[in-house]
Amino acid sequence: MLVIIKEDYDKLSAEAAKIVADRLRKKPNLVLGLATGSTPLGLYKELIRLHQNEGLDFSKVTTFNLDEYVGLAPTHDQSYHYFMKTNFFEHVNLAKRFVHLPDGMTKDVNAFCQWYEERISEFGGIDLQILGIGQNGHIAFNEPGSSLGSRTRIKTLTKNTRQANARFFEQNEEVPKYAITMGVGTIMDAKELLLVANGEGKADAIKGACEGPISAMAPASIIQMHRNAIVVTDKSAGAKLQGSYVDSWENVVFD
Ligand code: GLP
């Protein structure tokens with residue numbers, strides 16, 4: 001695993017964007033896994049800047065988002081459809097037909113989840129999966145206790161996650177209880193992982209993900225088993241790490 005610790009949020013966002021842009025320039029029809037949450041916002045902003053100022057081309061890119069709340073329509077301002085549309089999709093030249101998010105309004109969750117998995121396979125699998133991390137060590141909506149081999153399915157959100165998300169809703173009761181999420185196994189099938197984390201609130205989760213025991217109680221810890229995982233943090237989120245890390249990926253030679 002390659003761990004990169006940057007000075008601050010802007011630098012971590014720029015570093016992560018550089019990695020995505022590099023992969024995209026090498027493979028214009030990249031299959032890109034996308035994440036929501038506040039952390040990747042800076043990364044998306046930088047990708048938009050690279051698109052607008054340097055012609056970074058998304059026209060052949062296929063995207064698959066990690067997760068979506070059950071019961072929120074794509075037009076709901078807290079849905080992940082809406083988040084992706086306003087923060088990324090409408091600012092770059094992605095082709096609509098290549099954009100995929102879990103359907104939180106589906107009437108047949110199991111059939112939808114199976115279709116999502118098949119659709120990812122149809123495109124040859126995800127080349128690069130962007131990830132955030134929850135304070136409790138979740139990735140996507142794979143909460144502690146999730147099977148490390150799980151596939152796309154419906155999950156009940158923990159109290160901790162619902163509390164963390166409550167700030168986005170007017171009433172606590174409005175915070176969704178369920179989500180459709182790629183499984184830990186689905187995420188691990190991506191050819192490369194890029195996990196971003198920011199702020200001291202994520203320091204324990206990052207410590208657990210990078211150096212803790214691999215456990216279903218800390219789903220992000222499974223990335224230690226991935227052959228091409230990159231973790232980019234700011235100083236605060238990386239503060240508890242004891243292992244080796246670098247300050248830039250550019251000088252790192254992978255074998
Ligand atoms: C949600 C998302 C995750 C994300 C996490 C952290 O739970 N499902 O994919 O990683 O939030 O979000 P933030 O980056 O806002 O801390």
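Student: How many bridges join strand β2 to strand β6?
Tutor: Quick note before we start: this is a predicted model, where local features need pLDDT of at least 70 and side-chain atom pairs count only at pLDDT 80 or more, while totals for chains, interfaces and linings use all residues. Residues are numbered from 1 along each chain as its sequence is written, and side-chain values use heavy atoms, leaving out hydrogens and water. Strands here are DSSP runs of E with at least two residues, helices are runs of H or I with at least four, and both are numbered from the N terminus. β2 covers residues 31-34 and β6 residues 128-131, they run parallel, and the number of bridges joining them is two.

Student: And which residue in β6 is the bridge partner of Leu32?
Tutor: Two strands count as paired if DSSP finds at least two bridges between them. β2 and β6 have two, and in β6 the partner of Leu32 is Leu128.

Student: What is the strand order of the open sheet?
Tutor: There are seven strands, with parallel pairing. β1 (2-6) and β5 (99-100) each pair on one side only, as the edge strands. Put together, the order reads β1-β10-β9-β6-β2-β3-β5.

Student: Which residue in β3 stands opposite Gly33?
Tutor: β2 and β3 run parallel, joined by four bridges. With helix α2 (residues 41-54), they make a right-handed β-α-β unit; right-handed means that, with the strands pointing away from the viewer, the path from the first strand over the helix to the second runs clockwise. Opposite Gly33 stands Phe64.

Student: Are Thr62, Phe64, Thr63 and Asn65 of β3 buried or exposed?
Tutor: Buried means under 20% relative accessible area, exposed over 50%, and partly exposed in between, using a 1.4 Å probe and protein chains only. Both faces of β3 are covered, with Thr62 and Phe64 on one side and Thr63 and Asn65 on the other, and these residues are all buried.

Student: What is the distance from the Lys202 side chain to an oxygen atom of the ligand?
Tutor: Residues around the ligand include Ser38, Ile133 and Lys202, where near means a heavy atom within 4 Å. A polar side-chain atom of Ser38 lies 2.6 Å from a ligand oxygen, and a polar backbone atom of Ile133 is 3.2 Å from one. For an N or O atom in the side chain of Lys202, the distance is 2.5 Å.

Student: What is the relative accessible area of Ala140?
Tutor: Ala140 is also among the residues surrounding the ligand, and lies in the loop between β6 and β7 (153-156). Its phi is near 50°, a positive value in a residue other than glycine. Ala140 is buried, with a relative accessible area of 9%.

Definitions and conventions
A polar contact is a pair of N or O atoms within 3.5 Å; within protein, one must be able to donate a hydrogen and the other to accept it, and residues adjacent in sequence count only if both atoms are side-chain atoms.
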